[in-house]
Amino acid sequence: MDVFIANEQEIPVPEARLSALARHALDCLNVDGTAELSVLLITADHMRRLNARFAGEDRATDVLAFPMMEEEEGSLLLGDVVVCPEVARANARDRHETLERELEVLLVHGTLHLLGYDHQGAEDKARMEERLAQVISTFPSE
């Protein structure tokens with residue numbers, strides 16, 4: 001599995017750990033070994049623009065997922081998980097959590113969205129939360 005991380009913002013983030021977590025998540029979720037996942041870390045302003053354009057909400061959010069699910073040259077392109085560390089940092093403070101933990105949860109949350117998980121109804125939300133907890137709890141802590 002290939003995970004590509006593009007960090008286009010200035011807040012220090014544990015890129016290697018996030019990459020390892022993404023691989024772990026894909027493995028836990030039984031995703032084909034040829035899968036490719038892109039993770040983009042962006043500024044709040046960039047996230048606000050993406051959220052306005054694709055979700056119709058003119059505000060920065062913490063994570064967006066853009067599924068592709070396309071086969072290309074023997075690889076399965078899952079799509080892009082876009083994370084905003086600036087919003088994640090504010091959320092982490094509100095939850096009395098570390099930025100690193102918040103980023104981990106957002107990465108797995110976004111990856112689950114790429115794979116078709118959602119949280120619109122109570123059953124779907126419970127299923128998604130269960131899978132997220134499973135992935136996070138089986139990933140070694142630092």
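Colleague: How many bridges join E1 to strand E2, and which way do the two run?

Modeller: This is a predicted model. Six bridges join E1 to E2 (residues 35–41), and the two strands run parallel. Strands pair if there are at least two bridges between them, so E1 and E2 count as paired. Within this pairing, Ile5 has Val39 of E2 as its bridge partner.

Colleague: What makes the pairing in the sheet mixed?

Modeller: The open sheet has four strands in the order E1-E2-E4-E3, and its pairing is mixed. E1 and E2 are parallel, while E3 and E4 run antiparallel, joined by eight bridges.

Colleague: Why are E1 and E3 called edge strands?

Modeller: Strand E1 (2–7) and strand E3 (63–72) each pair on one side only. On average, neighbouring strands of the sheet are turned by 15° against each other, direction ignored. Helix H1 (residues 15–28) packs on this sheet and touches E1, E2 and strand E4 (75–83). The direction of H1 makes about 145° with that of E1.

Colleague: What lies across E3 and E4?

Modeller: Helix H2 (residues 44–55) does, running at about 70° to E3.

Colleague: How do you know that Phe54 and Phe66 form an aromatic pair, and why is it edge-to-face?

Modeller: The centres are 5.1 Å apart, and the cut-off is 6.5 Å, so the rings count as a pair. The planes stand at 75°; an angle over 60 degrees counts as edge-to-face, so the label follows. Phe54 lies in helix H2 and Phe66 in strand E3, so the pair ties together parts twelve residues apart in sequence. A search of the whole structure finds one aromatic pair.

Colleague: Why is H3 called roughly perpendicular to H4?

Modeller: The axes of H3 (residues 85–95) and H4 (residues 99–114) come within 8 Å and cross at roughly 115°. The range 65 to 115 counts as roughly perpendicular, so H3 is roughly perpendicular to H4. The crossing of H3 past H4 is right-handed.

Colleague: Which residues of H3 and H4 meet?

Modeller: From H3 they are Pro85, Ala88, Arg89, Asn91, Ala92 and Arg95; from H4, Leu99, Glu102, Leu103 and Leu106. By class, this contact has six nonpolar, one polar and three charged residues.

Conventions. Residues numbered from 1 in each chain as written. Predicted model: local features only at pLDDT ≥ 70, side-chain atom pairs only at ≥ 80, totals over all residues. Heavy atoms only, no water. Axes fitted to C-alpha atoms, helices over the stretch in contact; angles between N-to-C directions. Parallel < 35°, antiparallel > 145°, perpendicular 65-115°, else oblique. Left-handed = near helix turned anticlockwise from the far one by under 90°. Contact = heavy atoms within 4.5 Å. Nonpolar A, V, L, I, M, F, W, Y, C, P; charged D, E, K, R; others polar. Phe/Tyr/Trp six-rings, centres within 6.5 Å; stacked < 30°, edge-to-face > 60°.
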